[in-house]
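Subject: Structure handover

Hello,

Here is the structure I said I would pass on.

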Amino acid sequence: MAEEQTIVSVRNQTRKTSISERTAVAGSSAERRKGLLGRDCLEPGSGLLIVPCESVHSFGMRFPIDVVYLDRNRKVRKVRENMVPRRFSADLLAHSVLELPAGTIRRTHTQPGDQLEIQRV
């Protein structure tokens, strides 16, 4: 029997904005390898938190995403807006990566140094 994937909400405490209400956590090796591959889109209010992770790629993806790199304390280290398919991005000091629908970083004004709060739904 397959385990149910953990779902969390993500809030930017610094900006007092909701980043996502339903973010899946990719914590197993298989979940991290699959990521968002095979999906046609990422719905508004959703996302994928990849733990541990310091780099992502969009080879084989069908849509652009926003990428937020976090340290162990959930502080934003780096953001990458509108990463289109067939790209690679990294922050070698990151602990985890949050993949979001394109436009989320701009909408929530998220930037390096912001503190995020992640809670299980």
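Start at Asp91, which counts as buried because its relative accessibility is 10% and the cut-off for buried is under 20%. Please keep in mind that this is a predicted model.

The side chain of Asp91 forms a salt bridge with that of Arg77, at 3.1 Å from N to O. Arg77 belongs to strand β6 and Asp91 to the loop between β7 and β8, so the contact ties together parts 14 residues apart in sequence. Arg77 counts as partly exposed, at 34% relative accessibility.

In total there are four salt bridges. One of them joins the side chains of Asp114 and Arg15 at 3.0 Å, N to O. These two residues are 99 residues apart, Asp114 in the loop between α2 and β9 and Arg15 in the loop between β1 and β2. Asp114 is buried, with a relative accessible area of 1%, while Arg15 is partly exposed at 32%.

Another salt bridge is between Arg62 and Asp40, at 2.6 Å, N to O. Both of these residues are exposed.

Next, look at strand β5, residues 65-70. How many of its residues are buried? Six of the six are, so the strand is largely enclosed by the rest of the structure. Ile65, Val67 and Tyr69 cover one side, and Asp66, Val68 and Leu70 the other.

β5 runs antiparallel to β6, joined by five bridges, and pairs with β8 in the antiparallel sense over six bridges. Val68 has Val79 as its bridge partner in β6 and stands opposite Leu98 in β8. β5 and β6 form a hairpin with five residues between them, and Arg74 in the turn has a positive phi of about 65°.

Regards

Methods:
Residues numbered from 1 in each chain as written. Predicted model: local features only at pLDDT ≥ 70, side-chain atom pairs only at ≥ 80, totals over all residues. Heavy atoms only, no water. Buried < 20%, exposed > 50% of the residue type's maximum accessible area, 1.4 Å probe, protein only. Helix = DSSP H or I, 4+ residues; strand = E, 2+ residues; numbered from the N terminus. Pairing = 2+ DSSP bridges.
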